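Subject: The structure I promised you

Hello,

Here is the structure for you to look through.

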Amino acid sequence: MNRPTISCLRTTLLILMVVPCVSFAQSVSSTLSKLSSSAVSAVKLESAILGTEEVAVSSLVGDWEYSRPCMVFESDNVLSAVGTSAMASKGESYLQKGLAKAGFSAGDVTLSFSSDGTTGIVVAGKSVRGVYSVEGGEMTITYNGVLSGVSKSVTANVVVSGGEMRVSMSAQKLLTLVQTVSATASSANTTLSTVSSLFSSVDGMYVGLVFVKK
């Protein structure tokens, strides 16, 4: 066999060896890309920054229906900090489970405000009355315990925009609020306590409850 023929055979063999490798690499790359996209979608969560605008009482008056939880951060710096997103994603999973156990599911909670400073909340058919006040961008709500009858107050950051109201507070304050207004809070205590522990490890991370104007 002459040298040109041998050279040609070597080239052909090399191509036959390389093409499957390239195809395999492309397949692996495509699979990893899809898995990566799925992972990103799985941990994607709604996030926001604490409000800084003054809230008018008139913008609160009316009935609001609970929609969903979200993660709220003190600033963009906290939001972009390494590890914050992973911690928030983990916290969100526990948060949703805990709120659901306490009756906070979309459409099952109604929050109402009157112009005279009184407020009411209905969780899973159980109604609780109380009072509220607004100062700057914060609102303080006081409710009588649905089971204990003991009054508890919670102060939260409030943002009203586009027919939605976001009420943000520390995870510990959320636990206090839920224990006060929910008759089934005891079943959610462990889960929400875990949320509180997770959130307390990240300075400037809060829980947001989003309500939609009815």
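Strand β4 (residues 118-123) and strand β5 (residues 126-135) pair in the antiparallel sense, over six bridges. Two strands are said to pair here if DSSP finds at least two bridges between them. Helices (H or I, at least four residues) and strands (E, at least two) are themselves DSSP runs, numbered from the N terminus. Across this pairing, T118 stands opposite V131 in β5. The hairpin of β4 and β5 has two residues between the strands, and A124 takes a positive phi near 50° there.

On its other pairing, β4 is joined to strand β3 (residues 109-113) by five bridges, and these two strands also run antiparallel. S112 has G120 in β4 as its bridge partner. Four residues lie between the strands in the hairpin of β3 and β4, where G117 takes a positive phi near 90°.

Residues are numbered from 1 along each chain as its sequence is written, and side-chain values use heavy atoms, with hydrogens and water left out.

How confident is the predictor? The pLDDT, its confidence in each residue from 0 to 100, averages 79 over the chain, and 74% of the residues score at least 70. Among the elements of the chain, β3 has the highest mean pLDDT (98) and helix α1 (residues 3-43) the lowest (39). Over residues 4-45 the pLDDT is below 50, and this stretch has 10 contacts in the model beyond near neighbours in sequence; a contact means heavy atoms within 4.5 Å. Where pLDDT is low, the predicted coordinates should not be read in detail.

Now for the chain as a whole. Its secondary structure comes to six helices and nine strands. Of the 214 residues, 36% are buried, where buried means under 20% relative accessible area, exposed over 50%, and partly exposed in between (1.4 Å probe, protein chains only). Among the contacts with a separation of 6 or more, 64% are between residues 24 or more positions apart. The accessible surface is about 11800 Å², and carbon and sulfur atoms hold 56% of that; such areas come from the Shrake-Rupley method with a 1.4 Å probe, and for residues only the protein chains shown count as cover.

Rings of Phe, Tyr and Trp (its six-membered ring) pair if their centres lie within 6.5 Å; planes under 30 degrees apart count as stacked, over 60 as edge-to-face and the rest as tilted. Y66 and F211 make an edge-to-face pair, 5.7 Å centre to centre with 70° between the planes. This pair links distant parts of the chain, with Y66 in strand β2 and F211 in strand β9 (residues 205-213), 145 residues apart. Y66 is buried at a relative accessible area of 3%, and F211 is buried at 2%. F113 and Y132 are also edge-to-face, at 4.9 Å centre to centre and 70° between the planes. Here F113 in β3 is linked to Y132 in β5, 19 residues apart, and both residues are buried. Y66, F104 and F211 form one aromatic cluster.

How many salt bridges does a search of the whole structure find? It finds one, counting a side-chain nitrogen of Lys or Arg within 4 Å of a carboxyl oxygen of Asp or Glu. E164 forms it with R68, and their closest N and O atoms are 3.1 Å apart. The two residues are 96 apart in the chain, E164 in strand β8 (residues 164-169) and R68 in strand β2 (residues 62-73). E164 is partly exposed, with a relative accessible area of 29%, and R68 is partly exposed with 24%.

S196 sits in helix α6 (residues 189-200) and counts as buried at 13% relative accessibility. Leaving aside neighbours within four places in sequence, S196 is in contact with A171 and Q172. D203, in the loop between α6 and β9, is exposed, with a relative accessible area of 69%. The C-alpha atoms of D203 and V78 are separated by 7.8 Å, although the two residues are 125 apart along the chain.

Technical notes: Predicted model: local features only at pLDDT ≥ 70, side-chain atom pairs only at ≥ 80, totals over all residues. pLDDT = per-residue confidence, 0-100.
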